[in-house]
Amino acid sequence: MEKRFPFLIGLIIILVLIGSQSIFIVNQTEKALVIQLGDPVDKVFGPGLHFKIPLIQTVVRFDARVLDYEARAAEALTSDKKAIVLDNYARWRIIDPLQFYRSVRTIPGAQARLDDVVYSQLRAQVGRHSLTEVVSSKRSGIMADVTRRASDIMKEYGIEVVDVRIKRTDLPAENQRAIFGRMRAERERQAKQYRSEGVEEATKLRSEADRERAVILAEANRRSSVIRGEGDATAARVFAEAFSRAPDFYKFQRGLEALKKSFEQNSRIVITNDDPFLAPIR
């Protein structure tokens, strides 16, 4: 009995190893295939506990969830001959693991094929629309068409394309420089136009101000001339009335004024006593 005990222990260990190699578990987020001597068995295993033949069969698992793929940025040409750089991504999932394994085998292989298909469909759809439509008005419709066409093509690889979206739309570097140059030229043209309009408006304002100034000065001169004329007329009338009332006094006053003006400059005058010039002070 003691001699059989090690044998039983070894047999139990062998049976445990064989049992562990015969059982495999598939998670809720996975699907699995059993590969026998390099060829997949025609059955897809879902979540749960399953059995396989040890040493002869192996298990390959695939993610059953929706996967994301970031595509490389690439150029495309619109219908109005505008080059744009599209940065897009795709969401996809494996719907037929058996067909997937037979066609592309691995996730990187599927992503490489998906990149080619999505880019070709995206370029074809962009080529049917103008730049404005791609960027704004028809962007959603373009993405829906690309998703549908890409999904139809990828079904032969056991893949369903759930969604394709453009993250960002840029212009190539040379186009950006050209557009920047046009924008700068347009801004300079507008600046020149605004400056010329400002100069024209300033000239109008100065001309209007000069005209109003000339009108105001002319009116002021006219009124001053009228007022001076009226003053002179009043003065002449007053002098005439004063002269007519007291002609001797008026003559005496004028004589004093004449003497005063004659001696203001410290002048020397030689006159006789009976000179009429001295009549006011005799």
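**Group meeting: a walk through the predicted model**

Okay, let's start with contacts, meaning heavy atoms within 4.5 Å: among those in the chain between residues at least 6 apart in sequence, 63% join residues at least 24 apart. A word on the source: this is a predicted model, where local features need pLDDT of at least 70 and side-chain atom pairs count only at pLDDT 80 or more, while totals for chains, interfaces and linings use all residues. Residues are numbered from 1 along each chain as its sequence is written, and side-chain values use heavy atoms, with hydrogens and water left out.

The chain has 7 helices and 9 strands; these are DSSP runs numbered from the N terminus, with helices being H or I of at least four residues and strands E of at least two. Of its 282 residues, 24% count as buried, that is, under 20% relative accessible area with a 1.4 Å probe and protein chains only, where exposed is over 50% and partly exposed is in between. The accessible surface comes to about 19900 Å², and 56% of that belongs to carbon and sulfur atoms; that's the Shrake-Rupley method with a 1.4 Å probe.

On to the core. A nonpolar core here is a set of buried Ala, Val, Leu, Ile, Met, Phe, Trp, Tyr and Cys residues joined through side-chain atoms within 4.5 Å. The largest one has 33 residues, and Trp-92, Phe-100 and Leu-114 have the most contacts inside it. Several elements supply at least two residues each, including β2, β8, α2 (97-103), α5 (139-154) and β9 (159-170). Which element gives the largest share? That's α3, with 6 residues.

Now the open sheet. It has 3 strands in the order β3-β2-β5, with antiparallel pairing; two strands pair if DSSP finds at least two bridges between them. β3 (39-45) and β5 (57-63) are at the edges with a single partner strand each, so one side of each has no neighbour in the sheet. From one strand to the next, the twist averages 30 degrees, taken between N-to-C directions on a 0 to 180 degrees scale, with axes as lines fitted to C-alpha atoms. Between β2 (residues 30-36) and β3 there are 4 bridges, antiparallel, and Leu-33 has Val-44 in β3 as its bridge partner.

Next, His-50, which sits in strand β4 (residues 48-51). Buried or exposed? His-50 counts as buried, because its relative accessibility is 16%. A polar atom of its side chain lies 2.8 Å from the backbone oxygen of Gly-46. Leaving out residues up to four places away in sequence, His-50 touches Ser-22, Ile-23, Phe-24, Val-26 and Phe-45.

Strand β7 (residues 74-77) runs antiparallel to β8 (residues 83-94), joined by 4 bridges, with Leu-77 opposite Ala-83.

Setting aside residues up to four places away in sequence, the residues Thr-78 touches include Ile-84, Val-126, His-129 and Val-134.

Note on methods:
Polar contact = N/O pair within 3.5 Å; in protein donor to acceptor, adjacent residues only side chain to side chain.
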